[in-house]
Amino acid sequence: MKDAFGIPQSLLVLGGTSEIALATARRLVARRTRTVWLAGRPSAALDAAAEQLRGLGAEVRTVAFDALDPESHEAALGKVFAEGDVDLVLLAFGILGDQAHDEREPLNAVRVAQTNYTGAVSAGLVSARALQAQGHGSLVVLSSVAGERARRANFIYGSSKAGLDAFAQGLGDALHGTGVHVMVVRPGFVRSRMTAGMEEAPLATTPEAVATAIELGLRRRSETVWVPGALRVVMSAVRHLPRTLFRRLPV
């Protein structure tokens with residue numbers, strides 16, 4: 001169970017090699033979290049992530065999980081929940097894709113959509129049902145400001161995140177009053193492996209800053225978290241720009 005400050009004792013990470021997820025796991029383990037499940041494709045990186053968290057004092061186990069194989073999600077995640085209650089599920093998997101290339105190769109665009117949206121819908125619903133059955137817990141969904149309004153430069157990725165964001169908000173409404181808390185996290189440009197080599201956007205942030213915001217959001221039982229917080233105002237203005245003006249922006 002969570003402590004009085006909303007810090008979970010147990011954590012399930014969907015996307016076990018995500019830099020944001022691991023920064024969050026490290027932060028929570030330093031506070032109180034003692035059991036961590038890292039779900040992802042079996043790899044040396046997943047094993048290394050588990051070892052790192054064990055070195056911080058957590059009991060860590062890995063579970064094979066593939067976002068692109070929704071038919072396996074119930075069995076894979078069922079193994080985790082069968083071991084005991086999970087206080088926090090962090091849905092952190094996703095791919096950026098290559099906009100210019102993916103426009104020419106529709107199957108690549110479909111892979112972005114299936115990973116970021118279809119896979120998340122499946123894993124999110126399986127996790128939500130399990131959390132509801134145990135009567136408590138939080139589901140934290142890593143969305144993106146890219147989902148607030150599709151930009152020419154990354155509308156494939158942005159549209160997948162828009163779908164994920166809407167799904168997570170609706171799921172939160174559906175679970176309201178059940179004891180299960182859903183929190184949507186909308187980071188801006190995050191300096192990470194995924195964005196390496198890209199031109200940095202204004203108000204860029206780090207995995208550690210996102211992790212700090214997630215912890216604060218859990219303590220406050222927030223429903224939506226922007227990272228950094230100033231993006232809430234910025235994106236409100238961007239969202240309401242007339243389309244003719246929006247097209248002229250260098251985005």
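The protein contains 9 helices and 7 strands, where helices (H or I, at least four residues) and strands (E, at least two) are DSSP runs numbered from the N terminus. The structure is a predicted model, in which local features need pLDDT of at least 70 and side-chain atom pairs count only at pLDDT 80 or more, while totals for chains, interfaces and linings use all residues. Residues are numbered from 1 along each chain as its sequence is written, and side-chain values use heavy atoms, with hydrogens and water left out.

Along the principal axes, the C-alpha trace spans about 55 × 35 × 35 Å. The accessible surface comes to about 12,000 Å², of which 55% belongs to carbon and sulfur atoms, with areas taken from the Shrake-Rupley method with a 1.4 Å probe and, for residues, only the protein chains shown counted as cover. Buried residues make up 49% of the 251 residues, where buried means under 20% relative accessible area, exposed over 50%, and partly exposed in between (1.4 Å probe, protein chains only). Among contacts (heavy atoms within 4.5 Å) between residues at least 6 apart in sequence, 72% join residues at least 24 apart.

Helix 7 (residues 207–220) has 14 residues and reaches 20 Å from its first C-alpha to its last, close to the 20 Å expected at 1.5 Å a residue, the expected span being 1.5 Å times one less than the number of residues. The buried residues of this helix are P207, V210, A211, A213, I214, E215, G217 and L218, and what covers them includes helix 1 (19–31), strand 4, strand 5 (137–142), strand 6 (180–187) and strand 7 (224–227). V210, which is found in helix 7, is buried with a relative accessible area of 0%. Leaving aside residues up to four places away in sequence, V210 touches I20, V185, P187, V190, T205 and V227. By contrast, V210 and A196 are 14 residues apart in sequence and 17 Å apart in space, C-alpha to C-alpha.

Most residues other than glycine have a negative phi, and most peptide bonds are trans. R221, in the loop between helix 7 and strand 7, has a phi near 55 degrees, a positive value in a residue other than glycine, and at 46% relative accessibility R221 counts as partly exposed. A cis peptide bond, with omega about -5 degrees, joins V227 and P228, and P228 has its place in the loop between strand 7 and helix 8 (231–239).

In helix 8, L231, M235 and V238 are buried. Seen down the axis of helix 8, these buried residues fall within an arc of 55 degrees, so they line one face of the helix, the arc being that of the directions from the helix axis to the C-beta atoms. An α-helix has 3.6 residues a turn, so residues three or four places apart point the same way. The buried residues of helix 8 pack against strand 6, strand 7 and helix 9 (243–246).

A search of the whole structure finds 1 aromatic pair. The rings of F65 and F93 have their centres 5.6 Å apart and their planes at 45 degrees, so the pair is tilted; rings of Phe, Tyr and Trp (its six-membered ring) pair if their centres lie within 6.5 Å, and planes under 30 degrees apart count as stacked, over 60 as edge-to-face and the rest as tilted. F65 lies in the loop between strand 3 (59–64) and helix 3 (73–82) and F93 in the loop between strand 4 (88–91) and helix 4 (99–104), so the pair ties together parts that are 28 residues apart in sequence. F65 is buried at a relative accessible area of 6%, and F93 is buried at 9%.

Two further loop residues were considered. L96, in the loop between strand 4 and helix 4, counts as partly exposed at 22% relative accessibility, and the C-alpha atoms of L96 and Y157, 61 residues apart along the chain, are separated by 5.9 Å. S192, in the loop between strand 6 and helix 7, counts as buried at 18% relative accessibility; S192 and S18 are 174 residues apart in sequence and 9.4 Å apart in space, C-alpha to C-alpha.
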